[in-house]
Amino acid sequence: MTRSDRLALSGPIDAPDVPMIEIASPTRRDEARSAMAVAASLRDRGVPIRDVAVAVRDLDPYEEPLFRAALQYAIAPVFWTQLRVTQTRPYALVESVCEVLAGDAVDRDALLRPLELRWSPPTSGDPLDPPLPDGSPSLSAEWPMEAEAVHRARDVLPDGSRPIPEWIELFDSVDGADDRLRRFAEWIDAAPSPEPASVTSLLGEAIEGYAERAVPETKSADSPALLDTETDARAIVRVRTLVRQLRHKFADRLEAGTLERSWSAVADLAGVIATQRPGRREHSNARALDVFEANDLWALEVPYVIAVGLTAEEWPRPSQSALPPEFREAVLRGEGATGALAPQPAWVGGRDRDQFVDALRAAGDCVVVTRHTRSPGGDEVARSPLLDHVETRRVSEESRRRLVGADRELPPALRDIVVGGPNGDDDGTEGDRE
Amino acid sequence: MEGTRALDDETPDRLSLHVGDEGRLFERARPRSHPNELVVSPVELHQRNVQRRLREARLPKDAFRFADPVGICIRVLEAAGRPTAAVDRIDRLSMIRSILESVGPDGPLGVSLPTGAASRDPQRVEQVRTDVETVTNFHPERIAAWADTAAEIDEPIDDEADELLHAGLDIERELRGRTAKAVSETALLRRATRSITATSGSVWNEAYPAIDRLTLLGLSGLSAPHTDLVHGLLVATPVEIHIHFREGTGEYLRRRVPDLLSIAEPGTEAFE
């Protein structure tokens, strides 16, 4: 690589013209608390929560600690992340229905699992659930089954595997068995064999039943910011798409002879589809704190950006490539005929560099960068080399403790910015310039 | 921040390269009856971010039509009456798995695989294929350039780089033999590029009659498939193209663009 080209990918960064404050915390969990304490303190001082955004290069290791820390400070975080659909209730419902259908016999817990996940019968023109002769709704009109009712069913039913028709007989003989158990078991018993079209129609019924009758349950139990409802709603959209894809993929696999015609194969295939290219959250929520992956902050403008995870290990992290480093280096240099080959700056962390710059540039008033200094094993975690390109004011450990403490005292460097100037800063222990 | 630099001699007239400076797009926001500018970004959320900025600034979106590169190419191919079905990654991995199984544990059978413990892992084989595709777009001149580049590296890396090239090409060829669809969405980019140049731009004009400008945004790299699509449009259509790189890598990429455009007949593939 010529000197100038190398400089262009690792040289100075034209830092934005806003103050940058750096907070180093001992562990990742402490770091997450520091970041959320900053957001909470800003909010306490009248900064609208939508004027703050958190940017993380890779949310995976941070989502859980940030979420916990946010709850601690009574912040509702919204993660602009790939929805892990396999961890949502609508997906689990589809999976559990496949499992009940998978074998010749099913045990009590597997049988009750879809009901726990709020299975409800198809609503429109349901021939299996007619009104009673006197015109009142049928006994099974209350859907989904309450958690306590499912729990009681587990207590009164025997354990052990049996075919669905035997379960239905058993419901008739057990004193006090909930009528809704029979309704569900009959739906399972009537299920067609797994063909591409029947897979889509049956699982489609399950998901639509959920959308109509279970989502209102989620909503009524949700916090004011309706985060669970939103997760449910997003998951339903994803699972509907997934069920449609299942039809085609199942047909292709059957035709190619690479998959057996069974409900457990359907469940496996659903798992494969669900873990690929997940979708993203659709809309912003003015009452919640936006947490982005850094790439997604591009071109936005937010007064306060909290950039989390500025460690040498995590930001930058060069992209994966099967090509040997010497070859990549030659392609990046691009001398002579090699110049026609498309170089990928991500090989040397270029994409992370872009994301860092764009996260800083999104900030209108101030950037707070956070990092941690210790791994769970106690090893030292180094500061990101990206920070060498910018000037930060480091917050002392003492100030950091006051920040995460009960009073949530803003570090003086940050306080200056919120009140609009350096006046009133009487804390001489603070703000060493880098 | 750094804005648009005057075009250098080697950059075609209708191509402008920017580093950051997306504000120029917002300056062009004005009420119109039809969009005349395609705003293209490979990351879907980036399109939404631009829309959010426009909304917050109370600027009209009328002049813009938002798309991603694959979406544009599908529209062009539909206008050309060409097929647009492509194998997705899930199915591609399962096809690769079955190719690897049919080759057997030791057999060459036309597929050269990179050596090493992970060489039989479908994900790794797919990574090799996409690396070759991203760097060369399977263009004969770039494939030759790869071989030349590999030859100049010290042993044993020279052979390794050469093997990876052939593994990538072989697996792509095998995949083509097993499906009537395009092997990947990226193949649709090549197909559309060829359609545009082969028809002297008439399919483009049919797909996007009112578009006179295309703005490509938020790029942290310029893959060979994207380069060749841009190249094809410059050669065969009157559309004006603006590329906005990002600030951490933009200076570097901007300098590399002329060489990337130096190949002939963009979209050509080294497969019969």
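Helices here (H or I, at least four residues) and strands (E, at least two) are DSSP runs, numbered from the N terminus. Welcome to a predicted model, in which local features need pLDDT of at least 70, side-chain atom pairs count only at pLDDT 80 or more, and totals for chains, interfaces and linings use all residues. Residues are numbered from 1 along each chain as its sequence is written, while chains are lettered from A and ligands numbered from 1 in the order in which they are written. Let us start with the two chains and then look at some details.

**The two chains**

- Chain A has 15 helices and eight strands, and chain B has eleven helices and five strands.
- A residue is called buried if 20 or more other C-beta atoms lie within 10 Å of its own, exposed if 12 or fewer, and partly exposed in between, with C-beta atoms placed from the backbone.
- Of the 434 residues in chain A, 42% are buried; of the 272 residues in chain B, 44% are buried.
- Two residues are in contact if their C-beta atoms, placed from the backbone, lie within 7 Å.
- Taking contacts in chain A between residues at least 6 apart in sequence, 78% join residues at least 24 apart.
- In chain B, 82% of the contacts with a separation of 6 or more are between residues 24 or more positions apart.

**Where the chains meet**

- The meeting of the chains brings 52 residues of chain B into contact with 43 residues of chain A.
- On the chain B side, at least two residues each come from helix 2, helix 4 (89–103), helix 5 (122–136), helix 6 (140–151), helix 7 (157–178), helix 10 (224–236) and helix 11 (250–260).
- That side of chain B is made up of 20 nonpolar, 16 polar and 16 charged residues.
- For this sorting, Ala, Val, Leu, Ile, Met, Phe, Trp, Tyr, Cys and Pro count as nonpolar, Asp, Glu, Lys and Arg as charged, and the others, Gly among them, as polar.

**Helix pairs in chain A**

- Helix 4 (residues 89–102) and helix 11 (residues 263–274) of chain A have axes that come within 7 Å and cross at roughly 160°.
- Axes are lines fitted to C-alpha atoms, for helices over the stretch in contact, and angles run from 0 to 180 degrees between N-to-C directions.
- Helix 4 and helix 11 of chain A are therefore roughly antiparallel to each other; angles under 35 degrees count as roughly parallel, over 145 as roughly antiparallel, 65 to 115 as roughly perpendicular and the rest as oblique.
- Among the residues that meet here are A:Tyr91, A:Val94 and A:Cys98 from helix 4 of chain A, and A:Trp263, A:Val266 and A:Ala270 from helix 11 of chain A.
- The contact of helix 4 with helix 11 of chain A involves ten nonpolar, one polar and two charged residues.
- Helix 2 (residues 28–44) and helix 14 (residues 397–404) of chain A pack at an angle of about 65°, and their axes are 9 Å apart.
- From helix 2 of chain A, A:Arg33, A:Ser34, A:Ala37, A:Val38 and A:Ser41 meet A:Arg400, A:Leu403 and A:Val404 of helix 14 of chain A.
- Four nonpolar, two polar and two charged residues form this contact of helix 2 with helix 14 of chain A.

**A:Arg28**

- A:Arg28 belongs to helix 2 of chain A, and A:Arg28 counts as buried because it has 25 C-beta neighbours inside 10 Å.
- Apart from its neighbours within four places in sequence, A:Arg28 is in contact with A:Pro61, A:Pro65 and A:His372.

**Helix 2 of chain B**

- The 13 residues of helix 2 (residues 44–56) of chain B should span 18 Å at 1.5 Å a residue, which agrees with the 19 Å between its end C-alpha atoms; the expected span is 1.5 Å times one less than the number of residues.
- B:Leu45, B:His46, B:Gln47, B:Asn49 and B:Val50 are buried in helix 2 of chain B.
- The cover over these buried residues includes strand 2 (37–40), strand 3 (64–67) and strand 4 (213–219) of chain B.
- B:Arg58, with a positive phi near 55°, follows helix 2 of chain B.

**Backbone details**

- The peptide bond from A:Trp315 to A:Pro316 is cis, with omega near 10°, and A:Pro316 is in the loop between strand 5 (302–308) and helix 12 (325–333) of chain A.
- B:Glu265 is not a glycine, yet has a positive phi of about 50°; B:Glu265 is in the segment after helix 11 of chain B.
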